[in-house]
Amino acid sequence: MREKILDAMRDFPIIAAVRETKDLNTALSSNAQVIFLLTGDIMNISEIVQEVKRHDKIVFVHFDLLEGLGKDNKAVEYLAEKIKPHGIISTRNNILIHAKQFDLFCIQRLFILDSQALKTGLSSAKQIEADSIEILPGIMPPVIEEISFELRQPVIAGGLVKTKEEVINVLKAGAIAVSTSEKNLWFIE
(Lines give C-alpha, C1' and ligand atoms only; values in the text may rest on other atoms or scores of the structure.)
Protein backbone atom coordinates (compact mmCIF):
# COMPACT_ATOMS: atom_id res chain seq x y z
CA MET A 1 0.00 0.00 0.00
CA ARG A 2 2.88 2.38 0.76
CA GLU A 3 4.14 2.23 -2.82
CA LYS A 4 0.62 2.73 -4.15
CA ILE A 5 0.31 5.90 -2.06
CA LEU A 6 3.70 7.22 -3.19
CA ASP A 7 2.89 6.36 -6.81
CA ALA A 8 -0.38 8.31 -6.54
CA MET A 9 1.56 11.32 -5.25
CA ARG A 10 4.04 11.04 -8.10
CA ASP A 11 1.30 10.61 -10.72
CA PHE A 12 -0.51 13.79 -9.66
CA PRO A 13 1.65 15.69 -7.17
CA ILE A 14 -1.09 17.99 -5.91
CA ILE A 15 -2.72 16.84 -2.68
CA ALA A 16 -6.12 18.36 -1.93
CA ALA A 17 -5.95 19.73 1.62
CA VAL A 18 -9.59 19.96 2.69
CA ARG A 19 -10.07 22.46 5.51
CA GLU A 20 -13.87 22.50 5.54
CA THR A 21 -16.32 19.67 4.83
CA LYS A 22 -18.14 21.90 2.33
CA ASP A 23 -15.04 21.61 0.09
CA LEU A 24 -15.00 17.81 0.08
CA ASN A 25 -17.11 17.41 -3.08
CA THR A 26 -14.78 19.76 -4.95
CA ALA A 27 -11.80 17.65 -3.87
CA LEU A 28 -13.60 14.46 -4.85
CA SER A 29 -14.28 15.79 -8.36
CA SER A 30 -10.72 17.11 -8.76
CA ASN A 31 -7.66 15.56 -10.36
CA ALA A 32 -6.12 15.03 -6.92
CA GLN A 33 -5.66 11.37 -6.08
CA VAL A 34 -4.73 12.06 -2.45
CA ILE A 35 -6.83 14.02 0.03
CA PHE A 36 -5.67 15.39 3.37
CA LEU A 37 -8.58 15.92 5.76
CA LEU A 38 -7.76 18.95 7.89
CA THR A 39 -11.27 18.90 9.30
CA GLY A 40 -13.64 16.43 10.87
CA ASP A 41 -14.80 15.22 14.22
CA ILE A 42 -15.74 12.03 15.96
CA MET A 43 -19.29 12.30 14.60
CA ASN A 44 -18.50 12.69 10.89
CA ILE A 45 -15.00 11.36 10.23
CA SER A 46 -16.08 7.81 9.42
CA GLU A 47 -18.59 9.00 6.84
CA ILE A 48 -16.07 11.41 5.27
CA VAL A 49 -13.32 8.78 5.02
CA GLN A 50 -15.71 6.26 3.46
CA GLU A 51 -16.92 8.85 0.94
CA VAL A 52 -13.35 9.57 -0.14
CA LYS A 53 -12.67 5.85 -0.50
CA ARG A 54 -15.85 5.39 -2.60
CA HIS A 55 -14.29 7.83 -5.06
CA ASP A 56 -11.13 5.67 -5.21
CA LYS A 57 -8.97 8.36 -3.65
CA ILE A 58 -6.38 8.01 -0.91
CA VAL A 59 -7.38 9.64 2.35
CA PHE A 60 -5.32 10.93 5.26
CA VAL A 61 -6.72 12.23 8.53
CA HIS A 62 -4.83 15.02 10.24
CA PHE A 63 -4.84 13.55 13.73
CA ASP A 64 -4.03 16.81 15.52
CA LEU A 65 -7.01 18.62 13.96
CA LEU A 66 -9.61 15.91 14.51
CA GLU A 67 -12.14 17.04 17.09
CA GLY A 68 -13.73 14.90 19.79
CA LEU A 69 -11.04 12.26 20.18
CA GLY A 70 -8.31 12.33 22.77
CA LYS A 71 -4.80 12.87 21.53
CA ASP A 72 -3.59 9.52 22.81
CA ASN A 73 -2.80 5.98 21.68
CA LYS A 74 -6.40 4.78 22.04
CA ALA A 75 -7.51 7.46 19.59
CA VAL A 76 -4.91 6.16 17.12
CA GLU A 77 -6.21 2.62 17.60
CA TYR A 78 -9.79 3.81 17.08
CA LEU A 79 -8.83 5.55 13.83
CA ALA A 80 -6.91 2.54 12.57
CA GLU A 81 -9.47 -0.11 13.53
CA LYS A 82 -12.80 1.68 13.03
CA ILE A 83 -12.29 4.62 10.65
CA LYS A 84 -9.57 3.04 8.49
CA PRO A 85 -8.00 5.95 6.61
CA HIS A 86 -4.99 5.11 4.49
CA GLY A 87 -2.87 7.16 6.83
CA ILE A 88 -2.52 9.96 9.34
CA ILE A 89 -0.70 13.26 9.58
CA SER A 90 0.61 14.54 12.90
CA THR A 91 3.19 16.76 14.53
CA ARG A 92 3.22 14.46 17.57
CA ASN A 93 6.06 11.96 17.59
CA ASN A 94 4.39 9.58 20.05
CA ILE A 95 1.27 9.41 17.89
CA LEU A 96 3.25 8.60 14.76
CA ILE A 97 5.27 5.92 16.53
CA HIS A 98 2.07 4.27 17.75
CA ALA A 99 0.32 4.61 14.38
CA LYS A 100 3.13 2.71 12.65
CA GLN A 101 2.11 -0.36 14.70
CA PHE A 102 -1.26 -0.31 12.90
CA ASP A 103 0.26 -0.13 9.42
CA LEU A 104 -1.04 3.38 8.81
CA PHE A 105 0.97 5.46 6.36
CA CYS A 106 2.42 8.13 8.64
CA ILE A 107 3.21 11.68 7.61
CA GLN A 108 5.20 13.73 10.08
CA ARG A 109 4.31 17.42 9.78
CA LEU A 110 7.16 19.79 10.55
CA PHE A 111 6.90 23.57 10.86
CA ILE A 112 10.19 25.11 9.73
CA LEU A 113 10.19 28.57 11.26
CA ASP A 114 13.92 29.16 11.58
CA SER A 115 17.28 27.36 11.49
CA GLN A 116 16.76 25.84 14.94
CA ALA A 117 13.38 24.42 13.90
CA LEU A 118 15.06 22.97 10.80
CA LYS A 119 17.76 21.30 12.89
CA THR A 120 15.24 19.95 15.42
CA GLY A 121 12.89 18.81 12.65
CA LEU A 122 15.61 16.91 10.81
CA SER A 123 16.66 15.19 14.02
CA SER A 124 13.08 14.25 14.86
CA ALA A 125 12.40 12.97 11.33
CA LYS A 126 15.47 10.73 11.44
CA GLN A 127 14.39 9.36 14.80
CA ILE A 128 10.69 8.76 14.02
CA GLU A 129 11.18 7.47 10.47
CA ALA A 130 7.67 8.32 9.33
CA ASP A 131 6.74 7.23 5.81
CA SER A 132 6.87 10.83 4.59
CA ILE A 133 7.59 14.32 5.91
CA GLU A 134 5.38 17.34 5.27
CA ILE A 135 7.24 20.63 5.49
CA LEU A 136 5.43 23.88 6.26
CA PRO A 137 5.56 26.45 4.88
CA GLY A 138 6.04 24.80 1.54
CA ILE A 139 7.22 27.81 -0.42
CA MET A 140 10.88 27.45 0.54
CA PRO A 141 12.61 25.59 -2.30
CA PRO A 142 16.12 25.88 -0.77
CA VAL A 143 14.88 24.38 2.51
CA ILE A 144 12.92 21.66 0.67
CA GLU A 145 16.11 20.83 -1.23
CA GLU A 146 18.14 20.61 1.98
CA ILE A 147 15.58 18.43 3.73
CA SER A 148 15.19 16.16 0.68
CA PHE A 149 18.96 15.70 0.65
CA GLU A 150 19.20 15.03 4.41
CA LEU A 151 16.30 12.58 4.74
CA ARG A 152 15.48 9.37 2.97
CA GLN A 153 11.73 9.85 3.42
CA PRO A 154 9.79 11.54 0.62
CA VAL A 155 9.07 15.22 1.32
CA ILE A 156 5.72 16.92 0.84
CA ALA A 157 5.57 20.71 0.73
CA GLY A 158 2.52 22.29 2.33
CA GLY A 159 1.30 25.69 3.35
CA LEU A 160 1.26 28.98 1.45
CA VAL A 161 1.58 27.30 -1.96
CA LYS A 162 -0.86 29.20 -4.16
CA THR A 163 0.36 29.11 -7.76
CA LYS A 164 1.37 26.57 -10.37
CA GLU A 165 4.80 28.20 -10.52
CA GLU A 166 5.30 27.66 -6.77
CA VAL A 167 4.26 24.01 -7.20
CA ILE A 168 6.80 23.56 -9.99
CA ASN A 169 9.56 25.20 -7.93
CA VAL A 170 9.10 22.99 -4.85
CA LEU A 171 8.82 19.85 -6.99
CA LYS A 172 12.09 20.81 -8.71
CA ALA A 173 13.61 21.28 -5.24
CA GLY A 174 12.89 17.66 -4.39
CA ALA A 175 9.37 17.47 -2.97
CA ILE A 176 7.37 14.45 -4.10
CA ALA A 177 4.08 16.37 -3.82
CA VAL A 178 2.45 19.58 -2.65
CA SER A 179 -0.51 19.76 -0.28
CA THR A 180 -2.67 22.82 -0.76
CA SER A 181 -6.11 24.15 0.04
CA GLU A 182 -6.02 26.26 -3.16
CA LYS A 183 -8.87 24.57 -5.02
CA ASN A 184 -7.80 25.80 -8.46
CA LEU A 185 -4.54 23.83 -8.10
CA TRP A 186 -6.47 20.60 -7.51
CA PHE A 187 -7.55 20.73 -11.16
CA ILE A 188 -4.34 21.68 -12.97
CA GLU A 189 -3.15 19.37 -15.73
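In which strand is H62 found? Select H62 in this predicted model: the residue belongs to strand 3, which covers residues 58–62. H62 is buried, at 3% relative accessible area. Show its surroundings next; beyond its neighbours within four places in sequence, H62 is in contact with L37, L38, I89 and R109.

Now centre on I35. A16 stands opposite I35, and strand 1 (residues 14–18) pairs with strand 2 in the parallel sense over 3 bridges. I35 also stands opposite V59 in strand 3; strands 2 and 3 are parallel too, paired over 4 bridges.

Turn to the salt bridges, 13 by count. Select R2 and D131, whose closest N and O atoms are 2.7 Å apart. This pair links distant parts of the chain, with R2 in helix 1 and D131 in the loop between helix 6 and strand 6, 129 residues apart. R2 is partly exposed at 28% relative accessibility, whereas D131 is buried at 18%.

Stay in helix 1 for D7 and R10, which lie 3 residues apart, about one turn of the helix. Their side chains meet in a salt bridge at 3.0 Å, N to O.

Last, select K126 and E150, joined by a salt bridge at 3.2 Å. K126 is in helix 6 and E150 in helix 7, 24 residues apart.

Definitions and conventions:
Residues are numbered from 1 along each chain as its sequence is written. This is a predicted model: local features need pLDDT of at least 70, side-chain atom pairs count only at pLDDT 80 or more; totals for chains, interfaces and linings use all residues. Side-chain values use heavy atoms; hydrogens and water are left out. Helices (H or I, at least four residues) and strands (E, at least two) are DSSP runs, numbered from the N terminus. Buried means under 20% relative accessible area, exposed over 50%, partly exposed in between (1.4 Å probe, protein chains only). Contact means heavy atoms within 4.5 Å. Two strands pair if DSSP finds at least two bridges between them. A salt bridge is a side-chain nitrogen of Lys or Arg within 4 Å of a carboxyl oxygen of Asp or Glu.
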